Structures are given as structure tokens and as C-alpha cells.
Amino acid sequence: MDNLSTIGNSLPEAYERTKDLKSFEESKAGVKGIVDSGVLKIPKIFVRPSDELAEESMHIPSDSLQVPVIDLGGAESGHDQHKTIVSEIKRASKEWGLFHVVNHGIPVGVLDSMLDGTRMFHEQDVDVKREFYTDGRMKKVKYGSNVDLYRSKAANWRDSLTISLQISDGIEPDELPEICRDSTLEYINQVTKLAQTLFELLSEALDLEPHRLGDMECAKGRTFIGHYYPPCPEPELTLGTSKHTDPSILTILLQDQIGGLQVLHKNQYIDVNPLPGSLVVNIGDMLQIISNDKFISPDHRVLTNQVGPRISVAGFFTGATIPEIIYGPIKELVSEENPAKYKEFSVREYISKFFLRPIGRSGLDEFRL
Ligand code: OGA
Ligand code: NI
């Protein structure tokens, strides 16, 4: 580092940033640690680049467009509502790539306990959280802040607890933090069943047999991330989560009642307002690829807020890593007139590419033909 800092004019500043990132990381106390220290201004590592901040004024919030809300009551095949629900999902997945679901079958108590457990994990003594702090990617349960800390232009105002069921498709209770153990196990079970139902409906929405996506093990390879967005003293200068698309087949997101999530639709950011008891379903990059662009993986982001904390839990369904499956545009969806737009890939290949890019650059580009 010493000899590096003497080269060029811009380096001393870059060096300071690296130093600040390092001391933030070494605190192992996350953004919550900064807030607890009582700051009135956010540290520089969180401040968005000035060109991005200037562009922000061009995003005029719009109330005229509303994220679709789909009522899953009566989604079972054979029920009167089934066909209508499939066509609503088809439309929402094509036009928005993101929608709310209500009457999804998961009791509100299970959702609330998951949010409470996540909040309690992040609000417990920092020494307990530190036991889960790791930069090794192989751990099933990890606590940390900003996985792309050294690659992004600005750090996000958010801490996360990651539960990865990628390596083995299950978890023993004692592998989970005690404070959120039962609520997490219950939520994971229930949301996985919902994912299986959604994959059947999405298969039909692609005019495929109901079991087509399930047979490709789309509901396998699960990662759950419990996000904690502390209140922010200068919310206009930073983001809770930068603009990105999800590196998954499908994401099911549980959010509390604070708000801040926005989806980019027709070049405008639209608020994904909290709707009590609902879940947000988000088409990921891999489903855009598998559907050969019939469905879209939308850009989205999270604003910060002076109130809070805000809690959300993102459940990413990425497809099976073990045994490895090759994904690509589904053959029934390609023809001579409509050729495949993407190369084939394995989930492992996809995810490892994802971790080399700054988050925010869509993974679709890597595989487009
Ligand atoms: C994500 C994400 C949104 C949220 O984890 O990919 O977009 O509301 N989260 O936390
Ligand atoms: Ni996301």
C-alpha cells in the first residue's frame, strides 16, 4: 500500500477509502455499529458518487403506476380462479417482473415472527453477532455488511444475515442463531412450499406443463438473507440497497411496514409499498434467461429512511448446484423464428460470475448470445 499511495494524484483519496472500508469491516459491527455510536453525518464510504446523486433529481416519483397485486386464493388447478391467476402472473412477469402476492397461504404470524427474529438477531449484543461474522463464502450462516464492499462505488446502509442452503439442501436447527432459530425454520419451510406453487403457476404462464420448472429443480438452491436497514441520518446521500437485478431464478421477499423498496418500471422508480400480510415476488436474471426474455428481471433498489430500522428477508431460489444442472432457454420456448438469446450455464458458474462483478451490473450480459 505504501508504494501505491505515491503513484498518481488520485491515489491518496482511493487509499483513504480503502483504509476506511477496512476499518469498517474490521469493526465487525456493521452499519448498526455506526448508528449506535451516534453519528449525525454518514461516513464518506456510504456517500453515492456525485453523478449518481445529480441524476436522482431526474427520477420523479410517480403515483400513477401501481405494482400488480395478485390474489393467490383459488390458485389450485381445477379451481375457477386458476386460469385468471395464471394470466395475471403472465402479465405481471412480462411487464413488471415483480408483483405482490396476497392469500398466499403463509399465516401472518409466521411472517411476523420471521421479521421479529431477524430484527432481534441484528439487535443483540455485537459479540454474539461477531461469531457469525466471516468473509469465507462457504459458511451456511453468515453475518456481515456489504458483500461487495471493495467493488462498489458506495457502500450500502444495510447489514445482513445470510443463510445459504446451496451446499447442502437443508439445515440443522443448531446451525442457526438461537435467537431466530424456530421462526427461521418455520418460515423457510413455508416459503419453499409457496415457491413450488409459484413455479407451477409460472410454468403455466410460460405455456408449459405445470411441473416443467419444478422438474428443473428451480425451487432448490435456496439462500435467505435477513436485511437490517438502520435509520439513516442523511437518507438523501446513500442507499439501503443499490440498483440491481437479482441473481436468482425467483426471489420471494418479505418486508415490514416501513417501505423504501422501489422497482424500475418504464424508466421510473415505482414504490413497492408495504401491503400487510403480502409477499413480493421478483423474477430473477436466471428466469429471464430460462424464459428467453418472455419474463423480465427488473432493476430495483432500496432507499434509506430516517425512521426505522427496516427489516426485510429475501429468499433467493437459484436452482440446484449439487448435482449440477445446466440451465438455459427452455427448448419449447425457442424456435427458428425465435432463437435462443442466451448461452447455457450452471448455477455455480452463474454465481461465481456474480461475485466478480460490482453488484448492479446485470448478470444477463455475461450470458447473452
Ligand atoms: C435483495 C433485495 C430488497 C429489500 O436482497 O436482493 O432486493 O427490500 N432486497 O431488502
Ligand atoms: Ni434484489
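## Aromatic pairs

Both phenylalanine 345 and phenylalanine 367 are buried, where buried means under 20% relative accessible area, exposed over 50% and partly exposed in between (1.4 Å probe, protein chains only). The model is a predicted one, in which local features need pLDDT of at least 70 and side-chain atom pairs count only at pLDDT 80 or more, while totals for chains, interfaces and linings use all residues. Residues are numbered from 1 along each chain as its sequence is written, chains are lettered from A and ligands numbered from 1 in the order in which they are written, and side-chain values use heavy atoms, with hydrogens and water left out.

The structure holds ten aromatic pairs; rings of Phe, Tyr and Trp (its six-membered ring) pair if their centres lie within 6.5 Å, with planes under 30 degrees apart counted as stacked, over 60 as edge-to-face and the rest as tilted. Among them is the edge-to-face pair of phenylalanine 24 and phenylalanine 46, at 5.5 Å centre to centre and 80° between the planes. Phenylalanine 24 belongs to helix α1 (residues 11–27) and phenylalanine 46 to the loop between α2 (30–36) and α3 (50–56), so this pair ties together parts 22 residues apart in sequence. Helices (H or I, at least four residues) and strands (E, at least two) are DSSP runs, numbered from the N terminus. Phenylalanine 24 and phenylalanine 46 are buried. The rings of phenylalanine 345 and phenylalanine 367 have centres 5.1 Å apart and planes at 45°, so that pair is tilted. A cluster of aromatic residues is formed by Phe121, Phe132, Tyr133 and Tyr143.

Strand β11 (residues 300–303) pairs with β6 (residues 239–244) in the antiparallel sense over three bridges; two strands pair if DSSP finds at least two bridges between them. Leucine 303 in β11 is the bridge partner of leucine 239. Strand β8 (residues 261–265) also runs antiparallel to β11, joined by three bridges, and here glutamine 262 has arginine 301 as its partner. Valine 263 lies in β8 and is buried, with 0% relative accessibility.

Histidine 244 in β6 and histidine 300 in β11 are 56 residues apart and link distant parts of the chain. Histidine 244 and histidine 300 are buried.

## Salt bridges

The count of salt bridges is 19, each being a side-chain nitrogen of Lys or Arg within 4 Å of a carboxyl oxygen of Asp or Glu. One of these joins arginine 301 to glutamate 56 (2.7 Å, N to O). It links strand β11 to helix α3, with the two residues 245 residues apart. Arginine 301 is buried at 4% relative accessibility, whereas glutamate 56 is partly exposed at 21%. Arg48, Glu52, Glu56 and Arg301 are linked in a salt-bridge network.

Arginine 91 and glutamate 95 also form a salt bridge (3.4 Å, N to O). These residues are four apart in helix α4 (residues 82–95), and therefore separated by about one helical turn. Arginine 91 is exposed at 56% relative accessibility, and glutamate 95 is partly exposed at 41%.
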